[in-house]
Amino acid sequence: MKRRTFIAAAAAAPVILPRTVFGANNKLNIAFIGMGGQIQGHVKNALQLGHNVVAFCDVDPNQIAGSQNRHKAKAGNVKAYADYRELLEKEKTLDAVVVATPDHWHAIPTIMGCLAGKDVYVEKPDAHNIVEGARMVAAMRKHKRIIQMGSQHRSTERMQS
């Protein structure tokens, strides 16, 4: 497989594959943090792949309600959280979190996800500055987690020319 084909396929449906996915149960338990427009495609992809959508988190209850209504047919009753710290503390069965908060809020939930033992998919940019990026990498390494940063646009066909 050519590198561009692999990257395009990986970017089409961004999914975190923690070590547990290769066990008896291939379904991941995923929570989504920051329920704006960008994350809706990630929720849809997770549901299409058969993963369990456990929780939505956003400071705006209208964003959560809109997401719950949009995905109710496939996701059922998804738990709602206004604070990602509470989500990470209470949802012990999570395998991964997806972070699509405003750009300047990407690093902190990503680091906290690693501290809570979760793998993380985070939208670009991964951090607001080099210090945040270094701390994300340090948390990932210390807690032996996987962090994947989304950059789907770079892999689209129109960008390959």
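Where does H128 lie? Select H128 in this predicted model and look at the loop between β5 (119–123) and α6 (130–142), where H128 is found. With a relative accessibility of 56%, H128 counts as exposed, because the cut-off for exposed is over 50%.

**The whole chain**

Clear the selection and colour by secondary structure. The chain has seven helices and six strands. Followed along the sequence, they give the pattern α-β-α-β-α-β-α-β-α-β-α-β-α. The chain has 161 residues, and 41% of them are buried. Consider next the contacts between residues at least 6 apart in sequence: 64% of these join residues at least 24 apart.

**Strand β2 and V53**

Go to strand β2 (residues 52–57) and select V53, which is part of this strand. Is V53 buried or exposed? Its relative accessibility is 10%, and since buried means under 20%, V53 counts as buried. Leaving aside residues up to four places away in sequence, V53 touches I30, F32, V43, L47, A75 and V78. Show A31 as well. Along the chain A31 and V53 are 22 residues apart, while 6.1 Å separates their C-alpha atoms.

**Helices α2 and α3**

Two of the residues that V53 touches, V43 and L47, also belong to the next stop, where they are among the α2 residues that meet α3. Select helix α2 (residues 37–48) and helix α3 (residues 61–75) together; their axes are 11 Å apart and the packing angle is about 10°. Angles under 35 degrees count as roughly parallel, and α2 and α3 are therefore roughly parallel to each other.

Show the side chains where the helices meet. On the α2 side they belong to Q40, V43, K44, L47 and Q48, and on the α3 side to S67, R70, H71, K74 and A75. By class, this contact between α2 and α3 has three nonpolar, four polar and three charged residues. Numbering within each helix can be read with one rule in mind: an α-helix has 3.6 residues a turn, so residues three or four places apart point the same way.

**Helix α5**

Move to helix α5 (residues 107–115). Which residues of α5 are buried? They are A107, P109, T110, I111, G113 and C114. To see what surrounds them, display β1 (29–33), α4 (84–90), β4 (96–99), β5, α6 and β6 (147–150), against which the buried residues of α5 pack. Just after α5, select G117, which takes a positive phi of about 85°.

**K144**

Another positive phi, of about 50°, is found at K144, which is not a glycine. Look for K144 in the loop between α6 and β6. K144 counts as exposed because its relative accessibility is 62%.

**The largest pocket**

Finish at the largest pocket, which has a volume of about 260 Å³. Select D58, V59, T101, P102 and W105: of the 16 residues that line the pocket, these are the closest to its centre.

Note on methods: Residues numbered from 1 in each chain as written. Predicted model: local features only at pLDDT ≥ 70, side-chain atom pairs only at ≥ 80, totals over all residues. Heavy atoms only, no water. Axes fitted to C-alpha atoms, helices over the stretch in contact; angles between N-to-C directions. Helix = DSSP H or I, 4+ residues; strand = E, 2+ residues; numbered from the N terminus. Parallel < 35°, antiparallel > 145°, perpendicular 65-115°, else oblique. Contact = heavy atoms within 4.5 Å. Nonpolar A, V, L, I, M, F, W, Y, C, P; charged D, E, K, R; others polar. 1 Å grid on protein atoms, 1.4 Å probe; cavity = no way out; pocket = protein on both sides within 12 Å on 5 of 7 lines; lining within 4 Å. Points joined across faces, edges and corners; volume = space filled by probe spheres on them. Buried < 20%, exposed > 50% of the residue type's maximum accessible area, 1.4 Å probe, protein only.
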